Amino acid sequence: MHHIHEKNHLHYVTFENLKNTNMVNHCFTTRLGGVSQGVYAQLNLSFTRGEPKQTILENYHILCRTLGFDFDSFVLCHQTHTTNVRVVTEADRGMGVTKQSTIQDTDALITNIPGIQLVAFSADCTPIFLLDTQKKAIAVIHAGWRGTVNGIAKKTIEKMIQHYDTNPKDIIAGIGPCIGQCCFQVDAPVIKEFHQKLSFAEEVIIQDTVPQKYKIDLWETNRRILMEAGVPREQIEICKICTMCHTELFYSHRAMGNARGNMAAVISLK
Ligand SMILES: [Zn+2]
């Protein structure tokens, strides 16, 4: 179950299962509560959208003041719809906010270092949090349809097994707000890729009312991928709010095009 909170005008989403462990600080931001103007209004957290850097830094300060994050401990990466997973170490602390990020072509971050805040951006794509409650390691994942169909969620878990000896049965997951099946209309080539790569594709795709168009459920697809990787169904929570249906609360790439900000999924180990 997810919750939408409001604190000092900042609206953000949390997951009950993650919160109940008392092991992480986490939030999925909305577009409300920052100082961004115009098409970026109000809480753009991405430095790559054309907005002045000072404005975005102020938004990070607001996030830190309100939710207790440490301004010097964010780690941002340059997302390019890959399935590349980066192991974040102490040397990376601050990358992307207080120092230049050298993390290129990466769409998932994992760490076992307390206090480092892993960040993934989205505006329709699926953000995913993972917490290994036994080995005390976390992940944040940016899964657009490409990352989703190529199994970035599974690859992130494999990396956690490799580096932290994670047992997938110990993972708690939160799948964040993204474009819902109501709005995620695609063409035949996308569907073909889903059928080629995912055994359960038929169960997450519906024929649209528009001929030759289809609609994909990215929440369910990612849940199935996590379950196939060994995460128990009851340990996965999904915030099923469609970003495209709710542009008053979220940025949506499909609804707004490139004239928009980005939301951030942020998680750190206590
Ligand atoms: Zn929708």
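Helices (H or I, at least four residues) and strands (E, at least two) are DSSP runs, numbered from the N terminus. The model described here is predicted: local features need pLDDT of at least 70, side-chain atom pairs count only at pLDDT 80 or more, and totals for chains, interfaces and linings use all residues. Residue numbers start from 1 along each chain as its sequence is written.

**Backbone features in loops**

Most residues other than glycine have a negative phi, and most peptide bonds are trans.

| Residue | Phi | Loop |
|---|---|---|
| Asp165 | about 60° | between helix 4 (152–164) and strand 10 (171–175) |

A residue is exposed if 12 or fewer other C-beta atoms, placed from the backbone, lie within 10 Å of its own, buried if 20 or more do, and partly exposed in between. Asn22 counts as exposed because it has 7 C-beta neighbours inside 10 Å. Asp165 has 11 such neighbours inside 10 Å and therefore counts as exposed.

The peptide bond between Ala41 and Gln42 is cis, with omega about 0°. Gln42 sits in the loop between strand 3 (24–29) and helix 2 (53–67).

Two strands pair if DSSP finds at least two bridges between them. An open sheet of three strands, paired antiparallel, runs in the order 11-13-12. Strand 11 (185–186) and strand 12 (205–207) are at the edges with a single partner strand each, so one side of each has no neighbour in the sheet. Two bridges join strand 11 to strand 13 (residues 214–216) in the antiparallel sense. Val186 has Tyr214 of strand 13 as its bridge partner.
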